[in-house]
Amino acid sequence: MATSAPSTADIAIIGAGAAGLAVGIFAAEAARRIGRRTSIILFDGADRVGAKILVSGGGRCNVTHDIVRPDDFFGPPNIRTIARNILAAFDERATVAWFDSLGVRLKREPTGKLFPISDKARTVLDVLLDRLDELDVSIFAGHRVKAISCKCNPRQLESTDDPAFLIDHSFSQIRVRRLILCTGGRSLPRSGSDGVGYNFARALGHSVTHTHPALVPLILAPSFFHASLSGIAHDAELTTLADNRPIDRRRGSLLWTHQGISGPLAMDASRHWLAARDAANGAPTRSTPPRLLLNTLPGQTFEAIDGELRRQCESGSRTVLAKIVERTCEVLQTPTDQDGEPPPPPTRLLNALLHHAAVDTAITGASLTRDARHQIASALAALDLPVERDRGWYWEEVTAGGVPLAEIDYRTMHSRRCRGLYLAGEILDCDGRIGGFNFQWAWSTAHQAGPAAVESLG
């Protein structure tokens with residue numbers, strides 16, 4: 001890491017996270033290809049860069065996914081069109097090849113997630129830092145940027161004058177010709193991602209959409225039974241309702257915690273529930289709060305579950321209810337793994353659901369009334385989870401919202417509001433689902449921004 005920043009440079013990158021480090025590499029490599037001497041520096045407010053890389057994927061760094069589609073990203077209404085174009089230039093296969101060229105081979109897990117074969121996030125961070133060192137790109141850690149101003153008039157996008165940015169940081173000032181914002185969003189602020197980049201973007205003429213946590217655990221009402229299931233994970237389906245209409249439905253692994261729910265399924269669903277909550281809170285008229293419904297038997301309807309419960313009661317009239325419910329789940333559970341074997345139903349969850357439905361688990365099938373059977377089927381197919389809030393910025397993995405993509409030329413990631421300014425990564429209004437998609441967004445947008453900034457120097 002460099003210690004003393006120069007007073008001038010060609011390109012400054014603010015933020016040395018995944019996007020910032022990748023931008024530095026792609027920019028320096030582009031400069032070498034065209035034989036142009038280009039001074040490129042990175043600023044980061046943290047004393048040690050790459051903190052979010054090191055904690056991602058449980059410390060293993062989920063670099064990307066084996067299949068990445070436009071549907072895996074959320075943001076403005078046309079996000080799929082934009083994502084399709086950006087991915088076309090640098091997709092998941094290009095990412096695999098890129099890391100392979102850097103000396104990091106990736107392995108695929110059954111979920112489709114791609115990790116370094118070392119199972120260590122440090123491997124990913126080290127190879128990025130080593131490559132930047134080879135390319136003579138200087139990183140100034142502990143240099144927190146305080147303010148950025150631009151000599152040019154942001155509205156004069158067609159001006160022939162070369163733009164110049166003045167950056168005030170912890171130790172001095174620096175004047176640069178091109179600026180690339182890779183400051184991230186507001187997730188994990190202890191890593192340095194505290195949303196300050198939004199202020200820089202606004203100062204340079206951009207707007208910022210409403211932001212809220214995405215990929216974050218959810219907290220349930222203390223009176224609910226989740227604490228008794230803490231640590232249990234199982235396959236499930238979550239449906240988010242806004243104004244009592246489904247806006248999202250997804251299947252995956254759900255983890256019960258002392259405070260509520262987590263795991264890939266809950267994390268993915270959280271951005272939709274939070275978006276619906278914020279929309280309801282900001283509505284000019286009274287709006288129905290969002291709801292989150294849990295289906296313990298993914299893909300099965302209330303009618304199918306109720307019908308199977310009835311058949312099990314008829315064939316096992318002397319069987320206790322708890323066993324009847326277990327047998328019903330075994331019959332209706334659909335395969336989820338490659339071997340085609342359905343996961344075993346979590347008995348503790350079923351008992352908790354029966355208790356929640358206020359049904360005596362000791363009664364036999366012959367004693368189960370129609371109303372009680374409906375209560376059980378409803379608890380299995382559409383349990384209304386009492387979500388109170390999310391766990392907040394310190395627990396979320398990515399931020400929803402940011403600088404509108406309409407204000408960016410997605411072919412180059414160049415600002416449409418300020419000449420010489422580029423943006424990449426999480427600072428933009430785009431967030432992906434869990435599984436390496438947000439890292440892919442970082443690599444892909446960095447691949448566009450770095451070389452474009454170099455080429456614009458002439």
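**Entry 1**

I began with strands E5 and E6 (residues 113-116), which pair in the antiparallel sense over three bridges. I counted two strands as paired if DSSP finds at least two bridges between them. Strands (E, at least two residues) and helices (H or I, at least four) are DSSP runs, numbered from the N terminus. The model is predicted, so I note that local features need pLDDT of at least 70, that side-chain atom pairs count only at pLDDT 80 or more, and that totals for chains, interfaces and linings use all residues. Residues are numbered from 1 along each chain as its sequence is written, and side-chain values use heavy atoms, with hydrogens and water left out.

I then looked up the sheet as a whole: three strands form an open, antiparallel sheet in the order E3-E6-E5. Strand E3 (64-65) and strand E5 (106-108) stand at the edges with a single partner strand each, so one side of each is left without a neighbour in the sheet. Arg-108 stands opposite Leu-114 in E6.

**Entry 2: aromatic rings**

I searched the whole structure for aromatic pairs and found twelve. Rings of Phe, Tyr and Trp (its six-membered ring) pair if their centres lie within 6.5 Å; planes under 30 degrees apart count as stacked, over 60 as edge-to-face and the rest as tilted. The rings of Phe-73 and Trp-441 are 5.9 Å apart at their centres with planes at 45°, so I recorded the pair as tilted. This pair links distant parts of the chain, 368 residues apart: Phe-73 lies in strand E4 (residues 73-74) and Trp-441 in helix H12 (residues 437-455). Phe-73 is buried at 2% relative accessible area, and Trp-441 is buried at 4%. For burial I used a 1.4 Å probe and protein chains only: buried is under 20% relative accessible area, exposed over 50%, and partly exposed in between.

Phe-224 and Phe-225 form a stacked pair, 4.3 Å centre to centre with 25° between the planes. Phe-224 is buried at 11%, as is Phe-225 at 14%. I also noted one aromatic cluster formed by Phe-26, Phe-90, Trp-98, Phe-99, Phe-439 and Trp-443.

**Entry 3: charges over rings**

I took a charge to sit over a ring if NZ of Lys or CZ of Arg is within 6 Å of the ring centre and within 35 degrees of the ring normal. The charged end of Arg-60 sits over the ring of Phe-115, 3.8 Å from its centre. Arg-391 lies over the face of Trp-395, 3.6 Å from the ring centre.

**Entry 4: nonpolar cores**

A nonpolar core is a set of buried Ala, Val, Leu, Ile, Met, Phe, Trp, Tyr and Cys residues joined through side-chain atoms within 4.5 Å. The largest core has 89 residues, and among those that touch the most other members are Trp-98, Ile-148 and Trp-443. Residues up to four places away in sequence aside, Ile-148 touches partners including Ile-14, Phe-165, Leu-179 and Phe-200. A second, separate core of 44 residues includes Phe-225, Ile-261, Cys-313 and Ala-372.

**Entry 5: single residues**

Glu-308, in helix H8 (residues 302-315), counts as buried at 7% relative accessibility. Beyond neighbours within four places in sequence, Glu-308 is in contact (heavy atoms within 4.5 Å) with Thr-328, Val-331 and Leu-332.

Cys-61 has a phi near 65° and lies in the loop between helix H2 (51-55) and E3; Cys-61 counts as buried at 0%. Leu-215 has a phi of about 55°, in the loop between strand E11 (212-214) and strand E12 (218-220), and Leu-215 is buried at 3%.
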